[in-house]
Amino acid sequence: MPKHAALDTAELQAMDAAHYLHPFTDFKQLNRKGSRVIERAEGIYLWDSDGNRILDGMAGLWCVNLGYGRKELADAAYAQMLQLPYYNSFFQTTTPPAIRLAELLAEVTPDGLNHVFFTGSGSEANDTVVRMARHYWASLGKPDKSILISRENAYHGSTMAGASLGGMKPMHAQGGLPIPGIVHIEQPYWFGHGAGMSPDEFGLKAARALETKIDELGEGRVAAFIAEPIQGAGGVIIPPDSYWPEISRICREREILLVADEVICGFGRTGNWFGSQTYDIKPDLMPIAKGMSSGYLPIGGVMVADRVAEVLIERGGEFNHGFTYSGHPTCCAVATRNIEILRDERVVEHVRDVAAPHLARRWRELADHPVVGEARCKGLLGALELVPDKNAGERFPDPGQAGTICRDICFENGIIMRAVRDTMIISPPLVITTDQIDELVALAGKCLDQAAAALRNA
Ligand SMILES: *Cc1c(COP(=O)(O)O)cnc(C)c1O
């Protein structure tokens, strides 16, 4: 019998504290408190080591699009591991699962994206973006076009380049980031920064910050602009409708590459296969990961538009970049099966026609709650802005405190919502039913009530 089967929660927590350094965690604080141990899952629900059932409002970390417990994905991994668990694509070799996935991705991604560079994660995909964008311009004889423009509060991963592209100040503060050649402009966060403007006025203003930045740097020095169609980890920042058309115009006119980081928005999250379709973005490079395999195995990649691929193929020479697990056969087999199920079970249509419209109706009701300043959602991404007084237009004086209180209350009530400072966010599995959305909204409302009471007493 495996050793851990006999361990109770306290023993697991003690071992966890003794040996396991968790990502994005204050180690000392967590060791005092003890980790929550998740033991199994089915559909949209998790069970912890004390037997509590928890509705997973975050689909793991925005990734378990098909929900938990899909035997077909386990079967695909098992069969591939017996056939060929691993081989690389470095030495002029390839494997059938990598080929099949590359072809399927060309089919399900937007028109004009027909090549993929495989990675092991979204961070590696964005590291690939930095090198590929610069290599593209160098191959065209323009090596000075090397700066990447990103946005404040963006999340593009945790490697050196990923965290540099990201706009998270606490990440930059550790390890000497950002690396050279990456700059940031403002984000299209209307509720936070758009006071006195209509959403569309503010969207245009935020987009034109890109134009100003390109002109300041000089078009001849800028390689690319990178953005998530909807900012996820930054707090589900849904841009005003005016934002993306203006960004697209600027990138076209200034001759810089447009990179749509679809690591969260891809594979159905916004009600289309890709967020780029929801916002009519025509990306030159498109990083993908997370929902690509529903998180069952780690895999990512960069989709490359035909016009870029042609230059890389015809003029680029050797691209000195790649990972041991680029095109990992078992991960590719699982991703392929995942995408086939998304397609064959019409999961994206379920989001677009059933789940997202239902969530939109129900989520709006939460906007009436006394501690909610705004309730917004798009597809199956949602956010609630916690405020001390909904008529005063002010935030809590100590940012993050109210969010943390609310998040802990959510856990106690059997629902996972994440807090980004004082914004509560959700991103449930795409297979969530309308009844389960009702359950999610009811639980969220109950947690808001308890959070309001706790904040009054705080
Ligand atoms: C999660 C995320 C990444 C990083 O992906 P990892 O697999 O964690 O490396 C990159 N971009 C976006 C938009 C993400 O949400």
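Is Arg346 buried, partly exposed or exposed, and at what relative accessibility? Arg346 counts as exposed, at 51% relative accessibility (buried means under 20% relative accessible area, exposed over 50%, partly exposed in between, with a 1.4 Å probe and protein chains only). This is a predicted model, in which local features need pLDDT of at least 70, side-chain atom pairs count only at pLDDT 80 or more, and totals for chains, interfaces and linings use all residues. Residues are numbered from 1 along each chain as its sequence is written, and side-chain values use heavy atoms, without hydrogens and water.

**Domains**
- An automatic or database assignment divides the protein chain into domain 1 (36-69 + 346-457) and domain 2 (72-344).
- The centres of domain 1 and domain 2, taken over C-alpha atoms, are 26 Å apart.
- In contact (heavy atoms within 4.5 Å) are 36 residues of domain 1 and 34 residues of domain 2.
- The buried area between domain 1 and domain 2 (accessible area lost on being put together, 1.4 Å probe, summed over both) is about 2700 Å², with 61% from carbon and sulfur atoms.
- On the domain 1 side, Trp62, Val348 and Lys378 lose the most area to domain 2, together 24% of what that side buries.

**Backbone features**
- Arg346 is not a glycine, yet has a positive phi of about 50°; Arg346 lies in the loop between α14 (329-344) and α15 (347-365) (helices are DSSP runs of H or I, at least four residues; strands are runs of E, at least two; both are numbered from the N terminus).
- Arg421 also has a positive phi, near 50°, and is partly exposed at 40% relative accessibility.
- Leu177 and Pro178 are joined by a cis peptide bond, with omega about -5°.

Key
Buried area is the accessible area (1.4 Å probe) that two parts lose on being put together, summed over both.
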